[in-house]
Amino acid sequence: MRQAIGLLAAGLILAMLPLVGLPAFYESFLYLVFHWVALATSWSLLSGYAGYFSFGHGAFFGAGMYTVATLTAGLGAPFLAALPVAAVVATLLSVGIGAVVFRVKRLRGELFGLLTLAITFVLATIVLNTRLDGGPGVYLSNVPLPRLVASPTGTFYLLALGLAVLTLAAAYTITSSRLGLGLFAIHDDEDVAEVEGVPTFAYKLVAFALSAGIAGVAGGIHAMYVSYLTVPDTFSITVPLYVVLMSVLGGARHWLGPAVGAALITASLYAFTGGQQAILGRAVVAFVLILIVLLLPEGLVPAVLRRARGRRERAADVAVSPILAAAGARTEAPATLDCRDVWRAFGGIQALRGVSLSVAPGEIVALVGPNGSGKTTLINVISGHHAADRGRVELGAATLTGRPAHEIAGLGVSRTYQIPRPFAHFSALDNVALAATFGSARCAPAEARAEARAWLEFTGLGRRAAALPHELNLHERKFLELARALAGRPRVILLDEVLSGLNPGEIASAVHLIRQIRERGVAILFVEHLMRAVLELSDRVVVLNEGEVIAAGGPREAMRAARVIEVYLGKAHVA
Amino acid sequence: MPSLTLLGQSVVSGLLAGGLYALLALGLSLSWGLLRLVNLSHFALALLGAYLTYQLGHAFHLAPWLAAGLIVPAFFALGVVLHVVFARFRVTEFTSLLVTFGLAVILESLIQWFWTADYRRYETPWASASIRVGPLFVPTLELLACLTAATLAVATWAWLRFTYVGKALRAAAEDPAMAGAFGVNHRAHAFVLSGISAAYAGVAGAFIALISTLAPAQIWAWLGTVFAVVIIGGLGNPVGALLAGFLIGVSESVTMAVAAPAWAPLVSFSILIGLLVLRPERV
């Protein structure tokens, strides 16, 4: 909040400057600073927060430039009316690209980067060879510039300042909202984010659209500022190079990082102007990029903040009181999980062959079977990570099959991973808060943190709230998985070997925890190899082998079935 | 509809252009597929090689193959040094994109500093030589480039397939830790591969100097097309890169003949999009 007021105040004070008569030179210089602040910050909305590095920011910037040029110089529209159109054109371009590209599940980050870079060159080719430009370039010198203040430089200054403040406000709002939280989670582990309930496709598309729209407006203003456009200058590598560099320098994951980077780089580039010096300047900027990537990967702003915060948080670490009563007070209506004839193949391997099972509220069902029998695949199918080839999964009255994973999470299905997969850049508290925000609990961000604290207390991790996942040991990470699964206020929990790798004392406390979870009316399906825990905990056991249910029933009966003994120990032991 | 001769000629020039794409794609595909490093500076290195060939020929009257004889080993060494830096700072697939992006810009600035942004043309007596096959003309130099690409692609494939170092590299690309546990010295092999990749950039550069007009910004002109070739051909697959080069080259040049030249760059991109959307698991 304090930061938002500071931003607004700074914007207002800076907006006064042209009125008191700032020399035109400074107005031009500051125009460029704000121009780059807007561009770099807008780039980071998708690429910094969600980690999908785009090298195509120049395409959206260029689309904005040529939209304004075509509308004003070509069709005689007024400049200010053309600006929103520039935003719309750039946004539509990004939505078109995103709608195709983000559907591809396995599209890795670096492919996205190359694809966007290629798009820039394709767009440049089209503009160069059509009437949008045609080769000689476009002049905007006859287009009237609206006078916001007396001087033209003052007008550009105000336009860029307005855009920069708006962009920063958007960045600040996003980083402290659900959208930002979801984007950060996508950055760390997109699959897990989806399973925790983040609508990853929609979030990436929104961030991309916003990012491109702002770049389009920045390009539109810049078209008037330079007043003569050529394709090689517009779609040059300068824009994508500089926005990446500025954001990486300042810290692409912080709302203020790209702006700080933009100010520093613009100022240092101002030292190299004209002819040979400009070439040298570009080389120096590129060299700095390499050094930063290698030596200071997180960027300036986060590095400084972390140092400052480190001191404060150590002092405040103790003041956490358990508020267990509040947690889970709003449990969702219980429901039964039903799998009916579920099939799933991977290539030629039939991982599931018609599996049917059900778990009632407050029931603990153990899923056992040899390695490769399809236990984890079943969990992946229920949670929506893999689609079922045939069959249905239902939760109460709702059908889960066919829904994206984040909707399934929203309906109240949580899971843990056999090898814990926490979000690497999130503290333990934030990991759990994310699940509370996006799971079926749907908490507001502040409420989610309180909720998360309670679940950390519940799992005994209360004192590790501020720790990053890499600072936790295996047992703590397993319990963090559990806390995260619980924070979504699930109706069903799928536990994938939570006990493996724990020592006997840790197992005892985990067993105790699972019992407590059951008391809340949650249906629990747990995959486990540890027979003692299976016998101790489960109400029923389902035995899988090669994708088929070979036995089911009370724990002792199921494990004594002839087929089960045969599968585990071989034929000779069946007596 | 253009005549059959024109169509035939455009297929020929497409195949030849594709050979050059493949030559550029080869080194890129190797380092991306087997070292998990995306080397954007590969194009800049190739263009640097072209300018050096031009300079050696222009100023010292050194024949292009002699120039290449100097440049290729030097580039091999450069590739090894580059990988020393990458290994020292544990550059990942992703950061390699940023680091080599910066490196490409530095090389571009360097080229612009020495040779200015003006177009340069290396005039040689072979530039206009061509072989006549029926009604079709096959330019000699481009044919040579194409044959070189094919030879290198097949030789590299055989090297990866049949030699110990090749197998070790493929194993390490799948799972470095596991390959290491079985005694593969991945780091040493990676230096060799990085060197070879850069040396291929040198070879491509020599042909670029002979075939096309040089300008610093050309570094970025190939980028989209060649990356499309690399991805379509399959990462780390030299013969795949060759075939993908032919595919892209022919489809581009036929598009130019049938439709307008303006649409040619869209072809490789459309094929790439199609592949990414329909067969993402192949990449």
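Which residue takes a positive phi near 60° in the hairpin of β1(B) and β2(B)? B:Gly134 does, in a hairpin with two residues between the strands.

Before going on, some ground rules. This is a predicted model, where local features need pLDDT of at least 70, side-chain atom pairs count only at pLDDT 80 or more, and totals for chains, interfaces and linings use all residues. Residues are numbered from 1 along each chain as its sequence is written, while chains are lettered from A and ligands numbered from 1 in the order in which they are written.

Strand β1 (residues 130-133) and strand β2 (residues 136-139) of chain B run antiparallel and are joined by four bridges. Strands count as paired if DSSP finds at least two bridges between them. Strands (E, at least two residues) and helices (H or I, at least four) are DSSP runs, numbered from the N terminus. Opposite B:Leu136 in β2(B) stands B:Val133.

Now the contact between the chains. Chain B puts in 33 residues and chain A 31, where contact means C-beta atoms, placed from the backbone, within 7 Å. On the chain B side, α4 (93-115), α10 (223-233) and α12 (264-278) each supply at least two residues. The largest share, 15 residues, is from α4(B). That side has 26 nonpolar, five polar and two charged residues. Here Ala, Val, Leu, Ile, Met, Phe, Trp, Tyr, Cys and Pro are nonpolar, Asp, Glu, Lys and Arg charged, and the others, Gly among them, polar.

Next, chain A. Its domain assignment gives domain 1 (2-235) and domain 2 (337-425 + 489-573); such bounds come from an automatic or database assignment. The C-alpha centres of these two domains lie 47 Å apart. In the contact between them, 13 residues of domain 1 meet eleven of domain 2. On the domain 1 side, α8(A) gives the most, four residues.

Last, the largest nonpolar core. It has 285 residues, and A:Ile524 and B:Leu24 are among those with the most contacts inside it. A nonpolar core is a set of buried Ala, Val, Leu, Ile, Met, Phe, Trp, Tyr and Cys residues joined through C-beta atoms within 7 Å, and buried means 20 or more other C-beta atoms within 10 Å of the residue's own, with C-beta atoms placed from the backbone. Helix α9 (residues 200-226) of chain A gives the most to this core, 15 residues. Leaving aside neighbours within four places in sequence, the contacts of A:Ile524 include A:Val359, A:Leu495 and A:Arg518.

Conventions. Two residues are in contact if their C-beta atoms, placed from the backbone, lie within 7 Å. A residue is buried if 20 or more other C-beta atoms lie within 10 Å of its own, exposed if 12 or fewer, and partly exposed in between; C-beta atoms are placed from the backbone.
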